[in-house]
Amino acid sequence: MIFHFDFNSNIPLYMQLRNQVVIGIAEGKLLPGDRLPTIRALAEESGINMMTVSKAYQLLKQEGYINTDRRSGAVIVSKNKEVSIPRETIEALRLRISELRLAGMSREDVINLCRKLYEEGQL
Amino acid sequence: MIFSIILWASIIWTAPLICYMLVNETKFKKNIVIGVTLPYEAREDEQVQRILERFKKQQISICIILIVIAVPCLFVRGMTVSFTLWCTWVDLLIILPNIPYVLCNRTLKKLKLEKGWKREESKGIWIDTEVIPPNRWLTPWVFLPAVLLCLLPLIWDRSFWPLYVTFAACPALFWLCYRYLYRNKSETVDRNVELSRVLTQVRRYNWGKMWLVCAYSFSALGIGTFFTRNYPVWNIILIISFGFVVSVAAIRIEMNTRKVQERLTAQSGKDWYVDDDDKWIGGIIYYNPNDSRLVINNRIGTNSSINVARTSGKILMGSLILLILAMPFTGVLLGSIGNREIGLELTETYIVSTCGSSEYTVAFEEIEKAELLEKLPDNMIRTYGTGMENLLRGNFSAEGIGEMKVCLDPNHAPFILITTHGNKHYLFGSRDAGLTNQIYDQLELKLDRSK
């Protein structure tokens with residue numbers, strides 16, 4: 001798995017990390033049982049503050065994508081475990097769909113685009 | 001003259017060593033040459049070769065100049081002047097070789113732009129989780145025997161305890177350096193994951209080896225000091241040899257790392273490769289505001305550097321520059337310490353000797369006998385304190401006397417040797433021979449009266 005951090009982006013670094021892990025799981029790059037690097041190791045490698053990495057991991061744990069354990073570090077949880085969809089995600093989706101609608105896309109085009117992205121795993 | 005020879009023998013060999021290390025930077029390692037990352041095709045480029053050849057010649061010339069400057073300094077008399085010259089020479093040794101380095105780095109960067117070798121800057125950083133190294137370190141127990149070995153002489157000799165304790169603190173300090181002056185980061189050169197792993201392992205192995213060598217060398221020095229403690233000449237030879245051997249060993253480890261880096265990345269740079277040149281000012285100073293770490297690994301070899309984009313990095317770098325610039329003034333400072341007034345007086349109940357902040361007081365009732373010496377006792381060895389050509393102050397030991405507290409100028413006899421009832425010894429003297437004689441006479445009188 002390759003993580004990319006853009007320091008000029010408006011998205012906070014912890015959110016960039018969280019998003020990439022979520023995308024990685026969705027695309028099958030991160031499988032249940034896979035271990036994420038430890039907070040210290042990822043912070044050392046990237047130069048990002050340990051607190052930032054820790055914040056991303058806490059969020060992922062809270063959202064049910066990972067399990068953290070003192071011994072094994074952060075582990076991707078199995079797919080059959082129910083992951084609750086945060087209200088913000090639905091609101092964000094609503095906003096994006098509205099933008100596409102205002103850009104002139106029809107309902108079918110939006111659904112087709114979503115289907116295509118869902119199947120290809122290219123977000 | 002002997003002082004000058006010792007002083008210069010301790011440092012002069014570093015000039016060719018630094019030259020050798022800098023000339024080695026003209027060989028491509030991890031696609032980097034003189035701090036500039038270049039593609040594979042640049043290795044055969046005539047212009048690049050010409051710039052590198054010029055750099056080599058400049059480094060050799062600087063080395064020769066430094067040695068030539070040092071030769072007449074050997075014949076300079078006087079500790080203060082010799083030390084000031086020595087410090088100035090060390091400053092030149094640090095600064096001069098870096099000037100052609102920075103200039104060469106700038107020329108190569110310019111050429112890189114002209115030839116279109118500079119890739120478009122990618123936004124942010126890419127981290128491959130496959131190459132992130134595990135967080136494994138040598139246990140501090142490996143360094144513990146070195147600490148114990150340094151303390152071993154205390155069984156037989158307690159008089160030099162500050163020295164042995166200082167030696168013992170060094171291996172402990174080296175463990176801290178080993179653990180905290182290294183950034184556990186992968187050595188990524190290109191997309192070759194295996195190559196990154198091997199390079200990381202090589203670096204980690206050599207980093208640990210270097211600090212272990214330093215720790216156990218200090219043990220050897222501690223034990224060697226115990227055996228040579230009564231032979232100053234042998235002790236100085238031991239210290240100089242130790243400095244030389246440790247430096248050569250450390251540089252050998254560094255060069256071995258570089259050799260492996262050179263060999264393993266000999267075919268790199270043809271496809272995508274890491275280029276961090278923008279984070280290195282002049283190829284020497286690391287400046288990356290997006291990196292939260294203070295200690296970072298140098299791109300070549302085993303050493304570490306600091307990130308000056310951080311406030312603590314700025315403070316450290318500023319302090320280091322100040323320290324380097326202030327070095328020649330330490331000679332002047334030493335001179336002023338040596339020329340401090342040495343006070344010797346008798347009060348109603350005490351004999352008092354003072355120098356700067358040090359004060360030695362002996363009550364008359366404690367004194368068993370006092371002697372006037374026309375010359376210093378044989379084989380006087382400093383245990384703790386100041387030992388300059390015009391000032392001896394602190395704890396010393398001497399043949400036939402043992403341990404004693406000393407405060408005097410060795411160039412101005414006579415000296416008053418005081419022995420107390422508790423068999424403690426004090427050796428005092430003033431820079432005014434008349435005053436010393438007068439105080440001795442008065443002291444004798446007071447002692448006779450009290451008897």
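How many residues of chain B are in contact with chain A, and how many of chain A with chain B? Keep that in mind as you go through these points on what is a predicted model.

1. **The meeting of the two chains.** To settle the opening question: 20 residues of chain B are in contact with 19 residues of chain A. Between them the two chains bury about 1900 Å², and carbon and sulfur atoms account for 52% of that area. If you want to know where to look on chain B, start with B:Ile125, B:Ile127 and B:Arg293. These three supply 30% of the area that chain B buries against chain A, more than any other three residues.

2. Between chain B and chain A the count is one salt bridge. Have a look at B:Arg293 again: this residue forms a salt bridge with A:Glu44, and the closest N and O atoms are 2.9 Å apart. As a bit of background, side chains of opposite charge can pair when their charged atoms come close. There are also nine residue pairs in polar contact between chain B and chain A, counting pairs with both residues at pLDDT 80 or more. Sorted by type, the side of chain B that touches chain A has five nonpolar, eight polar and seven charged residues.

3. **A strand pairing that crosses from chain to chain.** Which element of chain B gives the most to the side that touches chain A? That would be strand 3 (residues 125–128), with four residues. Now follow strand 3 of chain B over to the other chain: four bridges join it to strand 1 (residues 2–5) of chain A, and the two run antiparallel. To find one of the bridges on screen, pick A:Phe5, whose bridge partner in strand 3 of chain B is B:Ile125. In general, strands of a sheet pair through backbone hydrogen bonds, either parallel or antiparallel.

4. **Chain A on its own.** Chain A comes to five helices and four strands. Read from the N terminus on, its elements go β-α-β-α-α-β-β-α-α. Its C-alpha trace spans about 50 × 35 × 25 Å along the principal axes.

5. **The sheet in chain A.** Three strands of chain A form an open sheet in the order 2-4-3, with antiparallel pairing.

6. **The overall form of chain B.** Here you get eleven helices and 16 strands. The radius of gyration of chain B is 28 Å, whereas a compact globule of 451 residues would have one near 22 Å. Its C-alpha trace spans about 95 × 45 × 35 Å along the principal axes.

7. **Two hairpins in chain B.** Strand 9 (residues 350–355) and strand 10 (residues 358–363) of chain B run antiparallel and are joined by six bridges. B:Cys355 has B:Ser358 as its bridge partner in strand 10. This hairpin has two residues between the strands, and B:Gly356 takes a positive phi near 60°. Further along, strand 12 (residues 381–388) and strand 13 (residues 391–398) of chain B pair in the antiparallel sense over seven bridges. A hairpin of two residues joins strand 12 to strand 13 of chain B, and the bridge partner of B:Thr386 in strand 13 is B:Arg393.

8. The structure holds 23 salt bridges over all chains, and in one of them the side chains of B:Lys30 and B:Glu187 meet at 2.7 Å, N to O. B:Lys30 lies in the loop between helix 2 (14–24) and strand 1 (32–33) of chain B, and B:Glu187 in the loop between helix 7 (161–180) and helix 8 (193–228), so the pair ties together parts that are 157 residues apart in sequence. B:Lys30 also has a phi near 55°, a positive value in a residue other than glycine.

9. **A cis peptide bond.** Check the peptide bond from B:Ala413 to B:Pro414: this one is cis, with omega near 0°. B:Pro414 lies in the loop between strand 14 (402–408) and strand 15 (415–420) of chain B. For context, most residues other than glycine have a negative phi, and most peptide bonds are trans.

Terms used:
Residues are numbered from 1 along each chain as its sequence is written. Chains are lettered from A and ligands numbered from 1 in the order in which they are written. This is a predicted model: local features need pLDDT of at least 70, side-chain atom pairs count only at pLDDT 80 or more; totals for chains, interfaces and linings use all residues. Side-chain values use heavy atoms; hydrogens and water are left out. Contact means heavy atoms within 4.5 Å. Buried area is the accessible area (1.4 Å probe) that two parts lose on being put together, summed over both. A salt bridge is a side-chain nitrogen of Lys or Arg within 4 Å of a carboxyl oxygen of Asp or Glu. A polar contact is a pair of N or O atoms within 3.5 Å; within protein, one must be able to donate a hydrogen and the other to accept it, and residues adjacent in sequence count only if both atoms are side-chain atoms. Ala, Val, Leu, Ile, Met, Phe, Trp, Tyr, Cys and Pro count as nonpolar, Asp, Glu, Lys and Arg as charged, and the others, Gly among them, as polar. Two strands pair if DSSP finds at least two bridges between them. The radius of gyration is taken over C-alpha atoms; the globule rule is 2.2 Å times the number of residues to the power 0.38.
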